Amino acid sequence: MKRDEVLRSLNELYAEEVEAALRYLHLAVTLTPQDREAHRAELLEGVQETLEHAQVIADKVLELGSVPRLRVRMELPGEAHSGREALLQAREFEGAARDAYRDLAEQAADDAALRAFAEAQVELETRHLERFEELIGEDETAEGT
């Protein structure tokens with residue numbers, strides 16, 4: 001494991017988690033009126049969780065003797081989203097996070113603590129993905145009634 005590579009990966013994950021928080025917030029506030037009540041709380045919970053993940057990652061960077069670097073470049077459209085669209089988008093960025101943590105776990109093969117952290121995050125992101133799959137299924141069922 002090369003320290004510089006791990007730090008680069010951690011800083012990228014840090015940015016991805018902050019971006020995910022912004023995406024969750026944007027999805028929550030751009031839900032169509034008919035879907036707000038059903039999905040807003042879940043999306044706002046995602047804001048809090050991803051910010052917590054970002055803090056943990058920043059702490060890992062500090063533990064490695066570096067200072068977290070945050071590079072966020074994004075533009076989010078000013079358009080309304082149905083609950084289903086929001087859930088599908090959330091599922092997409094949760095999947096990307098899971099994959100990024102898997103990559104970190106592979107990179108950190110020589111560092112048991114960092115590998116354990118990354119593997120725990122893979123498990124957590126997998127649970128988030130399962131939750132969104134469940135919500136998407138419930139949304140489809142509700143639409144079919």
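Reader: Where does L22 lie in this model?

Author: L22 lies in helix 1. Keep in mind that the model is predicted.

Reader: Why is L22 called partly exposed?

Author: Its relative accessibility is 38%. Buried means under 20%, and exposed means over 50%. The value for L22 falls in between, so L22 counts as partly exposed.

Reader: What makes the nonpolar surface patch that includes L22?

Author: L22, L70 and V72 make that patch. Its area is about 220 Å².

Reader: How do you know whether Y14 is buried or exposed?

Author: Look at its relative accessible area, which is 17%. The cut-off for buried is under 20%. Therefore Y14 is buried. Y14 is also found in helix 1.

Reader: Which residues does Y14 touch, not counting those up to four places away in sequence?

Author: Y14 touches A54, I57, A58, P68, R69 and L70. One of these, L70, is also part of the patch with L22 and V72.

Reader: How many residues apart in sequence are Y14 and R98?

Author: They are 84 residues apart in sequence. In space, Y14 and R98 are 13 Å apart, C-alpha to C-alpha.

Reader: Why does S9 count as buried?

Author: S9 has 13% relative accessibility. Buried means under 20%, so S9 counts as buried.

Reader: Where does S9 lie, and what is it in contact with?

Author: S9 lies in helix 1, which covers residues 3-29. Leaving aside its neighbours within four places in sequence, S9 is in contact with L104 and Q107.

Conventions: Residues numbered from 1 in each chain as written. Predicted model: local features only at pLDDT ≥ 70, side-chain atom pairs only at ≥ 80, totals over all residues. Heavy atoms only, no water. Helix = DSSP H or I, 4+ residues; strand = E, 2+ residues; numbered from the N terminus. Buried < 20%, exposed > 50% of the residue type's maximum accessible area, 1.4 Å probe, protein only. Contact = heavy atoms within 4.5 Å. Patch = residues over 30% accessible without salt bridge, like charges linked within 9 Å, V, L, I, M, F, W, Y side chains within 5 Å. Areas by Shrake-Rupley, 256 points an atom, 1.4 Å probe, with all protein chains shown as cover. Salt bridge = Lys/Arg side-chain N within 4 Å of Asp/Glu carboxyl O.
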